[in-house]
Amino acid sequence: MQITRNHSFDAARGLAMLIIISWHTLGVHNMITDPWVMPIFFFIVGYFWKENIQFKPFVTHKLNKLIKPLIYFSIPSFFILLTKVIISQDYHPLIKLLSPYDSIIVGGWFIPCIIMSYICYWIVDFIIKNKNEFRWIIVIVFSTIGYMLDEIHIGHHRIILPFYTNTALFVMIFIELGRNFKSIQTRYFTTCLYSIKTLIISTILFIISLVLFNSKPLDFIWSDYQGAYWIVIVLEATLSIITLLSLFSFFKRISLLEYFGRQSLGILLLHGYIIDILILIGFEHNIYLYIVTIILTYWGVKLIQYFIPKILP
């Protein structure tokens with residue numbers, strides 16, 4: 001049976017990937033894009049969440065889909081790191097290989113984070129089953145705990161759990177929001193008029209929230225929320241995601257963005273290598289690096305899928 005793609009979600013995820021590449025090539029962070037770029041991936045997880053999933057096949061599927069590509073793409077970084085250690089005789093970088101707080105590949109942190117969020121949310125969903133109101137309460141509590149860990153210090157040190165669990169707990173709220181958005185969208189957003197109303201209202205509210213709360217760029221990797229309140233982060237992310245999805249619903253197809261969305265895992269894991277190679281041959285962090293990285297990453301993923309298809313699911 002052929003799976004029908006949701007083109008709005010593919011395009012939105014593709015745009016998010018282009019922005020992530022801009023972070024790593026141009027260092028561009030702003031309050032317009034930062035609130036939604038990472039949360040949208042978890043929102044989409046919730047939107048496509050399957051009911052009554054058994055734990056073992058669920059985890060096995062996610063490990064095959066996410067961990068295997070991470071391992072394959074980490075092999076070059078492993079040998080590069082090993083070569084540096086042998087040449088320098090400094091063995092401290094090897095700690096990075098075993099650290100649950102680090103990744104040897106650009107963007108690699110996202111894989112254990114999303115797996116942890118899958119597992120945490122599955123546990124809550126399994127315990128609560130179909131009692132939606134209780135699931136909401138527990139998800140909000142866990143998300144708040146993940147957020148609050150950023151504010152708790154022991155001595156001069158923040159509490160940072162391994163495998164980016166702080167972030168995984170916090171983003172559970174976006175999985176829940178995405179899951180509920182699906183039922184709301186199916187029930188109400190059945191006409192173009194509803195999409196237009198949603199786009200206008202969510203855009204206005206998002207702009208108001210940015211001005212009202214004086215929002216700043218966020219760092220989801222290390223749960224650095226710049227002192228913003230939990231409810232403000234969730235509100236701005238949700239409004240911006242709904243705005244984006246409503247906007248893309250008016251476009252029939254956006255091929256390039258959709259491809260980047262469908263292949264977001266490969267693009268996430270490959271683009272760091274492309275950037276390193278380009279910088280090595282003389283590129284600087286500017287728009288040219290950004291454009292060439294996009295082009296080479298696009299073709300790099302296509303070549304990998306053609307010649308080594310088992311690397312990317």
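The legends below describe close-up views of a predicted model.

**Figure 1. Overview of the predicted protein chain.** The protein has 313 residues, and 46% of them are buried. Its secondary structure consists of 14 helices and two strands. Of the contacts between residues at least 6 apart in sequence, 78% join residues at least 24 apart.

**Figure 2. The largest nonpolar core and F110.** This core contains 81 residues, and I40, F110, F170 and F174 are those with the most contacts inside it. Helix α6, residues 110–128, supplies eleven residues, the largest share of this core. In soluble globular proteins, nonpolar side chains tend to be buried together. Leaving aside residues up to four places away in sequence, F110 touches M38, F41, F42 and L268.

**Figure 3. Packing of helix α4 against helix α6.** The axes of α4 and α6 are 10 Å apart, and the packing angle is about 170°. The two helices are roughly antiparallel because angles over 145 degrees count as such. On the α4 side the contact is made by F55, F58, K62, L63, L66, I67 and L70, and on the α6 side by I111, P112, I114, I115, Y118, I119 and W122. Sorted by class, the contact of α4 with α6 has 13 nonpolar residues, no polar residues and one charged residue.

**Figure 4. Packing of helix α6 against helix α7.** Helix α7 covers residues 132–148; its axis and that of α6 come within 10 Å and cross at roughly 150°. With that angle over 145 degrees, α6 and α7 are therefore roughly antiparallel to each other. Their crossing is right-handed. Helix α6 contributes Y121, V124, D125 and I128 to the contact, while α7 contributes F134, R135, I138, V139 and F142. Seven residues in this contact of α6 with α7 are nonpolar, two are charged and none is polar.

**Figure 5. Packing of helix α1 against helix α13.** Helix α1 spans residues 7–25 and helix α13 spans residues 264–280; they pack at an angle of about 20°, with their axes 11 Å apart. Angles under 35 degrees count as roughly parallel, so α1 is roughly parallel to α13. The crossing of α1 and α13 is right-handed. In α1, the residues R13, M17, I20, I21, H24 and T25 meet S264, I267, L268, H271 and I275 of α13. The contact of α1 with α13 comprises six nonpolar, four polar and one charged residues.

**Figure 6. Buried residues of helix α12.** Helix α12 runs over residues 255–262, and its residues L257, E258, Y259, F260 and G261 are buried.

Figure 7. P35 lies in helix α2, which covers residues 34–37. With a relative accessibility of 4%, P35 counts as buried, because the cut-off for buried is under 20%. Not counting residues up to four places away in sequence, P35 touches N30, F206, E236, A237 and S240. One of these, E236, is 201 residues from P35 in sequence, yet their C-alpha atoms are 6.3 Å apart in space.

**Figure 8. I75 in helix α4.** I75 is located in α4, a helix of residues 55–88. I75 counts as partly exposed, with a relative accessibility of 38%. The C-alpha atom of I75 is separated by 9.4 Å from that of I105, a residue 30 places away along the chain.

**Figure 9. F163 and Y164 in the loop between β2 and α8.** F163 sits in the loop between β2 (157–158) and α8 (165–170), and Y164 is also placed in the loop between β2 and α8. Most residues other than glycine have a negative phi. The phi of F163, however, is near 60°, a positive value, and the phi of Y164 is likewise near 60°. F163 is partly exposed, with a relative accessible area of 43%, whereas Y164 is buried, with a relative accessible area of 6%.

How values were computed. Residues are numbered from 1 along each chain as its sequence is written. This is a predicted model: local features need pLDDT of at least 70, side-chain atom pairs count only at pLDDT 80 or more; totals for chains, interfaces and linings use all residues. Side-chain values use heavy atoms; hydrogens and water are left out. A nonpolar core is a set of buried Ala, Val, Leu, Ile, Met, Phe, Trp, Tyr and Cys residues joined through side-chain atoms within 4.5 Å. Buried means under 20% relative accessible area, exposed over 50%, partly exposed in between (1.4 Å probe, protein chains only). Helices (H or I, at least four residues) and strands (E, at least two) are DSSP runs, numbered from the N terminus. Contact means heavy atoms within 4.5 Å. Axes are lines fitted to C-alpha atoms, for helices over the stretch in contact, and angles run from 0 to 180 degrees between N-to-C directions. Angles under 35 degrees count as roughly parallel, over 145 as roughly antiparallel, 65 to 115 as roughly perpendicular and the rest as oblique. A crossing is left-handed if the near helix is turned anticlockwise from the far one by less than a right angle, and right-handed if clockwise. Ala, Val, Leu, Ile, Met, Phe, Trp, Tyr, Cys and Pro count as nonpolar, Asp, Glu, Lys and Arg as charged, and the others, Gly among them, as polar.
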